[in-house]
Amino acid sequence: YDPPKARQAALDQIAAGADLIWAEREGAIAGAREKGVQAFGNLVDQNVEGPETVLTGPVWSMAPIVDHVSKLSAAGMIRGESYLDFSTLARGGAILASWHGWNEKLPPDVMELIRAKQNAIKTGVLVINPSADRPVGD
């Protein structure tokens, strides 16, 4: 967690030609906002950090995990298991944040592609394998 470093990384990416930033860390949206480049938030709806910058982004919901564990617990079936699957779009553990009007500003074919990909993920046609591996960084 180093917001100034994330901001600088975003600025460096923009200087190298990036026209869209994924704000995996706090600070990246600030860099995108400074340079007038669009960004995707991460884990929560981050539009408030830059309404003219943040299009949308993945939002994580623990509700599917909590519901599952609560049902198992109530049934006396406590056990160890992997919960990675519960954080997927298909299971309701991930969604896109509100578009805050950006869905009206983006080309219709882009929005249709997004809807098609979401549907493909939800129906299992497109599989994105989650990973709990520690990210590699500097």
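**Close-up views of a predicted model**

**View 1. The crossing of helices α1 and α2.** In this predicted model, helices α1 and α2 cross each other with a right-handed sense. On the α1 side the contact is made by Ala6, Arg7, Ala10, Leu11 and Ile14, and on the α2 side by Ala28, Ala30, Gly31, Ala32, Glu34 and Lys35. Sorted by class, the residues in this contact comprise 7 nonpolar, 1 polar and 3 charged. Helix α1 covers residues 3–15 and helix α2 covers residues 28–35, and their axes come within 6 Å of each other while crossing at roughly 40°.

**View 2. Ala23, in the loop between β1 and α2.** Ala23 is placed in the loop that runs between strand β1 (20–22) and helix α2. With a relative accessibility of 2%, Ala23 counts as buried, because the term applies under 20% relative accessible area. When residues up to four places away in sequence are not counted, Ala23 touches Ala28, Ile29, Phe40, Gly41, Asn42 and Gln46. Met62, which is 39 residues from Ala23 in sequence, is 20 Å from Ala23 in space, taken from C-alpha to C-alpha.

**View 3. Asn42, in the loop between β2 and β3.** The loop that holds Asn42 lies between strand β2 (38–40) and strand β3 (58–60). Asn42 also counts as buried, at 13% relative accessibility.

**View 4. Thr88, in the loop between α3 and β4.** Thr88 is found in the loop between helix α3 (63–74) and strand β4 (94–96). Its relative accessible area is 16%, and Thr88 is accordingly classed as buried. The side chain of Thr88 reaches the backbone oxygen of Asp85, at a distance of 2.8 Å. Once neighbours within four places in sequence are left aside, Thr88 is in contact with Gly93, Ala94 and Pro130.

Note on methods. Residues numbered from 1 in each chain as written. Predicted model: local features only at pLDDT ≥ 70, side-chain atom pairs only at ≥ 80, totals over all residues. Heavy atoms only, no water. Axes fitted to C-alpha atoms, helices over the stretch in contact; angles between N-to-C directions. Helix = DSSP H or I, 4+ residues; strand = E, 2+ residues; numbered from the N terminus. Left-handed = near helix turned anticlockwise from the far one by under 90°. Contact = heavy atoms within 4.5 Å. Nonpolar A, V, L, I, M, F, W, Y, C, P; charged D, E, K, R; others polar. Buried < 20%, exposed > 50% of the residue type's maximum accessible area, 1.4 Å probe, protein only. Polar contact = N/O pair within 3.5 Å; in protein donor to acceptor, adjacent residues only side chain to side chain.
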